[in-house]
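User: I am new to protein models and would like to learn how to read a few features in one of them. Could we go through it step by step, with the general idea before each case?

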Amino acid sequence: MPREPKDATALTRASNRAVLDALPFADGQDFEDARRGFVATLPEVEIKNADGRVVWTLRDYGFLDDAEAPATVNPSLWRQARLNMHHGLFQVTDGIYQVRGFDISNMTILEADRGIVVIDPLISTEVARVALDLYVHHRGARPVTAVIYSHSHTDHYGGVRGVVDEADVRAGRVEIWAPDRFMHEVVSETVLAGTAMVRRAQFQFGATLPRGPRGQVDAGLGKVTSRGTVTLIPPTRVVREPFETHRIDGIEIVFQLTPETEAPAEMHMFYPALRALNLAENATHNLHNTYPIRGAQVRDANAWAKYLDEARDRFGPHADVAFAQHHWPVWGRERVLDFLGRQRDLYKFLHDQTVRLMNHGLKPAEIAERLALPKSLASTWHVRGYYGTISHNAKAIYQRYLGWYDANPAGLNPLPPGERGRKYVEYMGGAETVLRRARADFERGEYRFVAEAVSHVVFADPANTDARELGADALEQLGYAAESATWRNAYLLGARELRGGTPTVAARAPVSPDVVRAMSLEHFFDYVAVRIDADKAEGRRLVINWIFPDVDRRYVSNLEHCALTSLADRQSDGADVTVTLDRGVLNRLVLRELTFAEATRQRLVAVDGDAGRVAELFTLLDDFPLMFPVVEPKRAPG
Ligand SMILES: [Zn+2]
């Protein structure tokens, strides 16, 4: 078991106390807005799956009842964590309701002619069903006539089977709407980089951290992510033009596509008759991420600002309320325009000033250190960095234009962390000397450098417990002082793993069967290719024809030079073997519901040619255990 977290140091306390004077804590508007329209909630929000496992609970967050922040939490983050505790069913305006606090995201419900339109059914079916039941209990039972996915992130589609039956979708009784490229982006973000992203997301959201004043308090956008059953029903209607107007179950909706913003496929919605503007996830009550620290392709801050400007210009003057798929709404035309103007300028400022400093030759870390919000924005609660930060967003903007390399050739080909650590420790006079100096710096509050210096010692020698302890102590104080929930979570999980080691649970990143079924064959072959272990593939040549009769597709795969490439609608005359199987069988193989040998035995797969060569391909496939080490070196390759 990891050792218990420590208390805040005097310096951390002072740093957190200073926040109280720097920000307008007397302004209670957000609390008023977060409560406004409250209809009802459950006596206790704790949701279990069919096996009785808790997939969502607010029970552990009771410590947030206290209005005053403890010394171990930045007061600005504490305030956000308390705002995110508002949960239940809320009326946004006539005909629009939201369920908040039943997952990290909101479910929005539009009351339509024949039934209701559900926007974003949360992450998992269990929480989505309970959220919908809460609505039904207070507003009456009406059929779901349409679902709209505002964008391609899991917290906006994963619970869909909790609110609709796919048979109704197939029969045309329920439409599913999504922005252009939705399916492509869902698969490409969750499949190829899946394992690395899921593991890194533990550091971003803090889902595996204990809750409490010395643990996870929030995730910025909401409390945390639910941990139930993730599903996906592909859209039946896709918005493809920059602006499209449709009537969905009697409600006029103007869609505005906003590609490459918070998600690669995303859209705003304006409901003219309801005078309400839905900004998906592009304007929320915090600075969002141009790059989330879980890892992702960098987003376009310039486009983000442009689409917010368009939304403000076109819809703002006609909106009495603006809301998003996280957090709480903003009411009143003037406040909507002010809110959108500030959100727009936040992303524009970040983008333009980063690019300006980049063109002056500043390096990413220098830009991150230099940039601060303009004075006119700094006291605005909804632009503060509870989720993204100015620091890591600026580095991401640099990366989008210039990549990871800062142009100093000293950093072009540095030693990898283990070897670098050993050399640093040696140059600095040995581990004992490093730790002695680091302890003195810790006393002076130099937590950032202590964390870095001591990490070199840990990478040189992961068994050095003194180094691990001191590194953990430094990360922990950084976490306690962080305004960003995601930084706090990362620091505190880092501290926990330095103290207790990398958890050794044998787990793989969960893959939703619905997402596997939704993969195109191109994605499938990409997915197989990234699992080829180059060491094992050295010197091998393999050509396989694939036939998928049920979907009438053919592929030829070529393994050569340790690289597996696959061409669509081609077959090779000189193939080693031809494999015929239905797409459904392929899905079961990918999901490990079936092995290739079993599939062959059950005659679900026909092999023409040298069957041993197909088996050979499978022996080359690597496996990705989820819990790879992060704060210490990987011990054995594998
Ligand atoms: Zn979201």
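Analyst: Let us begin with a definition: a residue counts as buried under 20% relative accessible area, as exposed over 50%, and as partly exposed in between. Please keep in mind that this is a predicted model.

User: Is Glu260 buried, partly exposed or exposed?

Analyst: Glu260 has a relative accessible area of 35%, and therefore it is partly exposed. Glu260 sits in the loop that joins β12 and β13.

User: What is the phi of Glu260, and how should I read it?

Analyst: The general idea is that most residues other than glycine have a negative phi. Glu260, which is not a glycine, has a positive phi, near 65°. Arg603 is another non-glycine residue with a positive value, in this case about 60°, and its place is the loop between α22 (596–601) and β21 (605–609). With a relative accessible area of 76%, Arg603 is exposed.

User: In which order do the strands of the open sheet that contains β12 lie?

Analyst: Six strands, written as 6 in the count, follow the order β11-β12-β13-β14-β15-β16, and their pairing is mixed. At the edges are β11 (243–248) and β16 (330–331), each of which pairs on one side only. The pairing of β11 with β12 (residues 251–257) is antiparallel and runs over 6 bridges, and within it Thr245 has Val254 in β12 as its bridge partner. Helix α8 (residues 301–314) packs on this sheet, where it touches β11, β12, β13 (267–271) and β14 (276–278), and its direction makes about 145° with that of β12.

User: Which strands stand at the edges of the open sheet of 8 strands, and why is one side of each left without a neighbour?

Analyst: That sheet has the order β1-β4-β5-β6-β7-β8-β9-β10, again with mixed pairing. Its edges are β1 (38–40) and β10 (237–239), and because each has a single partner strand, one side of each has no neighbour in the sheet. From one strand to the next, the twist averages 25°. Inside the sheet, β6 (residues 107–111) and β7 (residues 116–119) pair in the antiparallel sense over 4 bridges, with Ile119 in β7 as the bridge partner of Thr108.

User: Which residues form a nonpolar patch on the surface?

Analyst: Leu192, Val530 and Phe624 form such a patch, and together they have about 220 Å² of accessible area. Val530 lies in the loop between α19 (521–529) and α20 (534–537), and it counts as partly exposed because its relative accessibility is 42%.

Methods:
Residues numbered from 1 in each chain as written. Predicted model: local features only at pLDDT ≥ 70, side-chain atom pairs only at ≥ 80, totals over all residues. Heavy atoms only, no water. Pairing = 2+ DSSP bridges. Helix = DSSP H or I, 4+ residues; strand = E, 2+ residues; numbered from the N terminus. Contact = heavy atoms within 4.5 Å. Axes fitted to C-alpha atoms, helices over the stretch in contact; angles between N-to-C directions. Patch = residues over 30% accessible without salt bridge, like charges linked within 9 Å, V, L, I, M, F, W, Y side chains within 5 Å. Areas by Shrake-Rupley, 256 points an atom, 1.4 Å probe, with all protein chains shown as cover. Salt bridge = Lys/Arg side-chain N within 4 Å of Asp/Glu carboxyl O. Buried < 20%, exposed > 50% of the residue type's maximum accessible area, 1.4 Å probe, protein only.
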